[in-house]
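Trainee: Could we go through this model together, one question at a time, with the criteria stated as they come up?

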Amino acid sequence: MNWIAIWVTFKLAASTALILLVVGLPIAYWVSFSRRRWKFLVESVVALPLVLPPTVLGFYILVAIGPHSPLGRFYNELVGHPLPFTFEGLLLASVLYSLPFAVQPFAAAFEQVDRRLIEASWTLGVSKLGTFFKLIVPLSKAGLLTGAVLSFAHTMGEFGVVLMVGGNLEGETRTVSIDIYDEVQALNYAGAAKTALFLLVVSYAILLLVYAVNRNVWAAWPQK
Amino acid sequence: MAAEISIDLVKTFPGRPPIRARIAYPVEASTVLILFGPSGSGKTTILRSVAGLEWPEQGSIQFVSRTWLDTASGVRVAPQDRHIGYMAQDYALFPTYTVAGNIGYGLHHLSALDRNKRVDEMVELFQLRGLETAKPRELSGGQQQRVALARAVAPRPLLLLLDEPLSALDAPTRVRLRDELRSLLKQLALPSIIVTHDWTEALTLGDVMAVINAGNVLQVGAPIEVFSRPHNADVARVVGIETVVKGRVVGSSDGMVQVSVNGTRLTAVEGESTGRDVFVCIRSEDVVLERGQATASSARNHLAGTVVSATVLGALAQVTIDCGFPLVAMVTRSTVEEFGLSSGVPVVAAIKAGSVHLVSRQGE
């Protein structure tokens, strides 16, 4: 089994989930609490990775961070090497690709929070930000966990985006799914089977965790 | 200038009559304003506007020397900065916090030591000892109400706003807590505004009462004034009870209570109220008029009096009788003609004991 690929995959998935937890919360908050008419525009952009083929998304990201784009040039000048086919470039692509898997459960959880509780918090003198951390986050913890775990699991299994943006560099961007593909191409079915089984077990274990925790959370907090 | 609360606002919702409320009244340490009206009349919207949870399109809200809203000059004070205590109809207790956590939630400006001290005071005052670590879902309705009230008053707000504070409770608890709430509000020496559609709550709790219907304020005054002297037919219809007089319980036996109103004795069924000072409330349609000598009837009360006025309202007529206190009766127009009811005519008013409602009021 290719432990280096497994380590790269785990590092990528964990970093993606962590970044999405930070970036996804304000987006989800805005999506569920804003009353702006053009809210649907943002919502549909966030959901776009759900329907786009990963190759299409990967292609646009590759162009956007390539040496001919302003973003790519800026990064090159700042760090000294270009962004495509590096771990950081792959991470950026993963964050964008998994965005809906984090934002949608977050927003769904926020919308479940009773508005009267939030109003009660405001009248008790607690600011909107304070209310978010003291009240909304604890009440949404099942949704936050679901979003973080789903984006972790989704990143673990991504293939098209990795191939487009990351390439296939050992120890840098070769993830488990690319490794399986390589093994099959080399007709090493035994190696591919081992790695595939590993990915299957890990993915299933993660889903078990999400469902078990969510059930437990619901049992402790009966919905009205 | 006397301390005053002044509310003047316009708020529209699609598909509903616009709310145009103008209420101004002097406020002392523990003045209770009742916003009274049927559901959908706009009373909750007025309360929420005072809390800063609704933004009227136009108007101003002033509390003593503070301006909380003035659309003309663009003043919009956030609910966080109004220093109010607000209790929603269903209490909105925080499910992830304990009783003590709920009460201490608004005390973030205090040090941990002071906060614990204040929470402890509230636990004592609201008789929540032993429940400090319980979660809201483990509490009874009455306990939840006390926690919600404790949470609202713990930060020592300038003004307390209660939206239907008793309506989520079952009937026996409601009656008990109504009297408790009255003494508590006086004890806290905190001005408050209470929304209710229950006339017994208005009488028990209120010092000033605003009758609201279809978004308009119809009358503002002392509750007993509003009940016994409604400005117009709309107010009378909204309050729905025509005779409200002060009385004193003078005795009780066999489940019946004797009440004296200006020397006139009335019999009522012993009910919820236990205090000596009561409001005696009688609906006009529960009063039967008899002519001449009282005949044998099942009604316990036969009050001799004279007609003060008779006003014909379509097929019905409203007759006011002086029987030691003004009593309003609703009879048919044909009765008025048959009995020759006009000012000065002697009549006997018969009222069943069960139709004489007593509402206690402490501290009168």
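Trainee: On what basis are residues and chains labelled, and which pLDDT is needed for local features?

Mentor: Residues are numbered from 1 along each chain as its sequence is written, while chains are lettered from A and ligands numbered from 1 in the order in which they are written. This is a predicted model, in which totals for chains, interfaces and linings use all residues, side-chain atom pairs count only at pLDDT 80 or more, and local features need a pLDDT of at least 70.

Trainee: Which elements give two or more residues to the side of domain 1 of chain B that touches domain 2 of chain B?

Mentor: With contact meaning that C-beta atoms, placed from the backbone, lie within 7 Å, eight residues come from domain 1 of chain B and five residues from domain 2 of chain B. The elements are DSSP runs numbered from the N terminus, helices being H or I with at least four residues and strands E with at least two. On the side of domain 1, those giving two or more residues are helix 5, helix 6 and helix 7 (223-228) of chain B.

Trainee: What does helix 5 of chain B pack against through its buried residues?

Mentor: Helix 5 (residues 171-188) of chain B has 18 residues and reaches 25 Å from its first C-alpha to its last, close to the 26 Å expected, where the expected span is 1.5 Å times one less than the number of residues. Its buried residues include Arg174(B), Arg178(B) and Leu185(B); buried requires 20 or more other C-beta atoms within 10 Å of the residue's own, exposed 12 or fewer, and partly exposed lies in between, with C-beta atoms placed from the backbone. The buried residues of this helix pack against strand 3 (32-36), strand 9 (192-196) and helix 6 (199-205) of chain B.

Trainee: Which residue in strand 8 of chain B is the bridge partner of Ile84(B)?

Mentor: From strand 7 (residues 84-87) of chain B, Ile84(B) and Tyr86(B) point one way and Gly85(B) and Met87(B) the other way, and all are buried. Strand 7 runs parallel to strand 8 (residues 159-163) of chain B, to which four bridges join it, and two strands pair if DSSP finds at least two bridges between them. The partner of Ile84(B) in strand 8 is Leu159(B).

Trainee: Is Arg156(B) buried or exposed?

Mentor: Arg156(B) lies in the loop between helix 4 (141-153) and strand 8 of chain B, and has a positive phi of about 55 degrees although it is not a glycine. Because Arg156(B) has 12 C-beta neighbours inside 10 Å, it counts as exposed.

Trainee: And is Ala92(B) buried or exposed?

Mentor: Ala92(B) is placed in the loop between strand 7 and helix 2 (99-104) of chain B, and its phi, near 50 degrees, is a positive value in a residue other than glycine. Because 23 other C-beta atoms lie within 10 Å, Ala92(B) is buried.

Trainee: How many residues of chain B are in contact with chain A?

Mentor: On the chain A side, 15 residues take part. Those of chain B number 16.

Key:
Two residues are in contact if their C-beta atoms, placed from the backbone, lie within 7 Å.
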